[in-house]
Amino acid sequence: MKKKKIVIGNWKMNPETFKEAKELSEGIRKKMVGVKKTTAVVCPPHLYFMSLKPKNASTKLFYGLQNIAREAAGSFTGELSATMARNCGVTYTIIGHSERRALGETDDDVNKKVLLALKEGIKAVICVGESKVDEHAGHLTFIKNQIVTALKGVTTSDIGNVLIAYEPLSAIGAKNPITSYEIHQRNIFIKKVLCDLYGKAKAFDIPVLYGGSANAMNAKELVEGGEVDGLLVGRDSLKVDNFIAILKEMDSIS
Ligand code: PEP
């Protein structure tokens, strides 16, 4: 059976005012009535999260976080634990985004965060992706290491709450995504790594998303051509109509 497509909006450190965040969140929620099949998640800044997330869970729009702490509890100034997140109704968290890795987050940090998120029943959206492609396939080894380390200790019963977001650094915040052919190749490689870890049946159930310069114009081609399960979207998740247009493109994939 085909998996439902999923689109995750990463708002990063935007927008600058709560008023704009509220307008964005409510605008998306209102227009979600036109979206029939696709799962949508938005990840606002932590500061806005509780005020944006509606009390009743009937909405089709899920709210997630952009990061969680690598420690379970204790004196860690400025951090938010997975347990706190679960208690506040968080269902998804992005982990290991390249912008956090650029700030010093390691594969080991990513693994600790993944284990804590899964322990709390939070879906872990693990970001992986190479910074450069080399002719000796070093980029594939790089991606493999990121995945294998991130999933160290993740059991077959918890793997159902894992999503992999493949985001080549060159395509993030850039003008162009990589081609759907390249996405397809990486997707096959990622599936092989997951098969080796969890067996074919489980591995094929793990959603693999693509992220990097996706928009309504290219979304369908990237997802169909890359045979991925959806998208992680930065810039185009910050405008109601653009985000909704991407969701509708996903809906149109049969
Ligand atoms: C991202 O930062 O994860 C991302 C995909 O950004 P953009 O869509 O702006 O390239």
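Two strands are said to pair if DSSP finds at least two bridges between them. Helices (H or I, at least four residues) and strands (E, at least two) are DSSP runs, numbered from the N terminus. The model is predicted: local features need pLDDT of at least 70, side-chain atom pairs count only at pLDDT 80 or more, and totals for chains, interfaces and linings use all residues. Residues are numbered from 1 along each chain as its sequence is written, and side-chain values use heavy atoms, with hydrogens and water left out.

**View 1. Strand β8 and its partners β1 and β7.** Strand β1 (residues 6-10) runs parallel to β8 and is joined to β8 by 4 bridges. Within this pairing, G9 has V233 of β8 as its bridge partner. Strand β7 is also parallel to β8, with 3 bridges between them; here L209 is bridged to G230 in β8. Buried means under 20% relative accessible area, exposed over 50%, and partly exposed in between (1.4 Å probe, protein chains only).

View 2. Strand β3 (residues 61-65) pairs with β4 in the parallel sense over 2 bridges, and G64 has Y92 as its bridge partner in β4. Between β3 and β4 the chain goes through helix α3 (residues 82-87), in a β-α-β crossover that is right-handed. Strand β5 (residues 123-128) runs parallel to β4 and is joined to β4 by 4 bridges. The partner of I94 in β5 is V125.

View 3. Of the 14 residues around the ligand, K12, E167, G173, S213 and R235 come nearest (a residue is near a molecule or strand if one of its heavy atoms lies within 4 Å of it). By class, the shell holds 4 nonpolar, 6 polar and 4 charged residues. Polar side-chain atoms of K12 and H97 each lie by an oxygen atom of the ligand, at 2.4 Å for K12 and 2.8 Å for H97. From G173 the contributing atom is a backbone N or O, 2.7 Å from a ligand oxygen. Of the 290 Å² of accessible area that the ligand has on its own, the protein covers 99% (Shrake-Rupley method, 1.4 Å probe; for residues, only the protein chains shown count as cover).

**View 4. S213 in the loop between β7 and α9.** S213 is placed between β7 (208-211) and α9 (219-226). Its relative accessibility is 9%, so S213 counts as buried. A polar atom of the S213 side chain lies 2.6 Å from the backbone oxygen of A171. S213 is also among the residues that come nearest to the ligand.

**View 5. L115 in helix α5.** Helix α5 (residues 107-119) contains L115. With a relative accessible area of 33%, L115 is partly exposed. L115 and K202 are 87 residues apart along the chain, and their C-alpha atoms are separated by 18 Å.

Definitions and conventions:
A crossover is right-handed if, with the strands pointing away from the viewer, the path from the first strand over the helix to the second runs clockwise. A polar contact is a pair of N or O atoms within 3.5 Å; within protein, one must be able to donate a hydrogen and the other to accept it, and residues adjacent in sequence count only if both atoms are side-chain atoms. Ala, Val, Leu, Ile, Met, Phe, Trp, Tyr, Cys and Pro count as nonpolar, Asp, Glu, Lys and Arg as charged, and the others, Gly among them, as polar.
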